[in-house]
Amino acid sequence: MELLIMCYACKTSCARNIICVIPYLPYSKQSKMKKRGCIVSKLVAKMLTKAGMTHLITMDLHQKEIQGFFDMPVDNLRAAPFLINYIEHKIPDYRNSVIIARNPSQAKRATAIAERLRLGIAVIHGESEKERESELDGRTSPPSTVLKPTLESRKSVFQLPNLAFPPRINPKEKLPMDVVGDVSGKIAIIVEDMIDDVEAFARAADVLRERGAYKIYVMATHGLLSSDAPRVIDGSNIDEVVVTNTVPHEVQKIQCHKIKTVDISLLLSEAIRRIHNQESMSYLFRDITAED
């Protein structure tokens, strides 16, 4: 809300350009309609556009298609080169590593990083018992019994339609969580765009440890680390969590020594300088592939 007010204040003050630098765009994960839900990213884009913003600089959107929600130029910078540099210089014996996609939807991102490092990939498929139990909350279930109208309750001689629900078709069930690929005796590096639900990463680390991975890293651009994430990370099989400083997490680092930070301020400052001097932004995307 404060950002919208500032944009509107600049707009009413006849500012020629209003450029916003938002390293982590809020609600970017809600970019698809699930069942009958709303697309919140579309609403955020419309609000920022209506407030007067003319250019957006952000980093690693959850879906690249979110750029189409904005009626303005959007520079979606990438943190992959910084994370790859961390792997090459901070992880000993990284040649014995395998890049892990925590779910099949992240396979493209894992493949892009693995090709640059000349490493193999593995994909975690399925879901844990806890995730399956969490879906059985009754919200999508029809009532077990349906009361049919009796003769006394009828107000017409016409036959009332059958009000009973048809038999429910069970949704497609996922297989138990497993790893597709060889991780035995190797360093497992899980790559994601953001880390919010740390318990899901902890369960993935447990599966990787069972399959023989002797060291487990989790790397992401945005480290939200909400709730009791430091405690969960500290008690899990994860050896190190590497995130950039798009989201402040100094308090979480104090609480958990496994959290490491990669500084990407140089990339943002260079983007601001190039836009201010009306220089080309293509140079900042020279090491980016189509899958990033």
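**Reading burial, cavities and phi in a predicted model**

Visitor: How many helices and strands does the protein have?

Guide: Elements are DSSP runs numbered from the N terminus: helices are H or I over at least four residues, and strands are E over at least two. The protein has nine helices and ten strands.

Visitor: How many of the 292 residues count as buried?

Guide: Burial is read from relative accessible area with a 1.4 Å probe and protein chains only: under 20% is buried, over 50% exposed, and in between partly exposed. Of the 292 residues, 42% are buried.

Visitor: Which residues of α4 are buried?

Guide: An α-helix has 3.6 residues a turn, so residues three or four places apart point the same way. In α4 (107-117), the buried residues are Arg109, Ala110, Ala112, Ile113, Ala114 and Leu117. Their cover includes α3, β4 (97-101), β5 (120-125) and β7.

Visitor: What does Val183 touch?

Guide: Val183 is in the loop between β6 (178-180) and β7. Not counting residues up to four places away in sequence, Val183 touches Val98, Ile100, Ala122, Leu208, Arg211, Gly212 and Ala213. One of these partners, Ile100, is 83 residues from Val183 in sequence, yet 9.1 Å separates the two C-alpha atoms. Val183 has a relative accessible area of 1%, and therefore counts as buried.

Visitor: How many cavities of 30 Å³ or more does the structure hold?

Guide: Rolling a probe the size of a water molecule over the atoms shows where empty space is left. On a 1 Å grid over the protein atoms alone, a cavity is a set of points where a 1.4 Å probe fits but cannot get out; a pocket is an open set with protein on both sides within 12 Å along at least five of seven lines; lining residues have an atom within 4 Å of a point. Points are joined across faces, edges and corners, and volume is the space filled by probe spheres set on them. The structure holds one cavity of 30 Å³ or more, and the largest cavity has a volume of about 80 Å³.

Visitor: Which residues line the largest cavity?

Guide: The lining consists of Asp60, Arg78, Ala80, Leu83, Arg109, Ile113, Val191, Glu192, Met219, Thr221 and Asp292. At least two lining residues come from each of α3 (80-90), α4, β7 (187-195) and β8 (215-223). Counting Ala, Val, Leu, Ile, Met, Phe, Trp, Tyr, Cys and Pro as nonpolar, Asp, Glu, Lys and Arg as charged, and the others, Gly among them, as polar, the lining has five nonpolar, one polar and five charged residues.

Visitor: Is Glu192 buried or exposed?

Guide: Glu192 is buried, because its relative accessible area is 5%. This residue of strand β7 has polar contacts from its side chain to those of Arg102, at 3.1 Å, and Gln106, at 3.4 Å. A polar contact is a pair of N or O atoms within 3.5 Å; within protein, one must be able to donate a hydrogen and the other to accept it, and residues adjacent in sequence count only if both atoms are side-chain atoms. Leaving aside neighbours within four places, the contacts of Glu192 include Arg109, Met219 and Thr221, which also line the largest cavity.

Visitor: Which residues are closest to the centre of the largest pocket?

Guide: The largest pocket has about 1,600 Å³ of space. Of its 45 lining residues, Lys29, Lys34, His62, Asn103 and Ser105 are closest to the centre. Elements giving two or more residues to the lining are α4, β5, α5 (129-134), β7 and α6 (198-210). By class, there are eleven nonpolar, twelve polar and 22 charged residues.

Visitor: Where does His62 lie?

Guide: His62 is in the loop between β2 (55-59) and β3 (74-77), and counts as buried because its relative accessibility is 18%. A polar contact of 2.5 Å joins its side chain to that of Asp193.

Visitor: What is the phi of Arg118?

Guide: Most residues other than glycine have a negative phi, and most peptide bonds are trans. Phi of Arg118 is near 60°, a positive value. Arg118 lies in the loop between α4 and β5 and is exposed, because its relative accessible area is 73%. Gln278, in the segment after α9 (265-276), also has a positive phi, near 55°, and its relative accessible area of 72% likewise makes it exposed.

How values were computed
Residues numbered from 1 in each chain as written. Predicted model: local features only at pLDDT ≥ 70, side-chain atom pairs only at ≥ 80, totals over all residues. Heavy atoms only, no water. Contact = heavy atoms within 4.5 Å.
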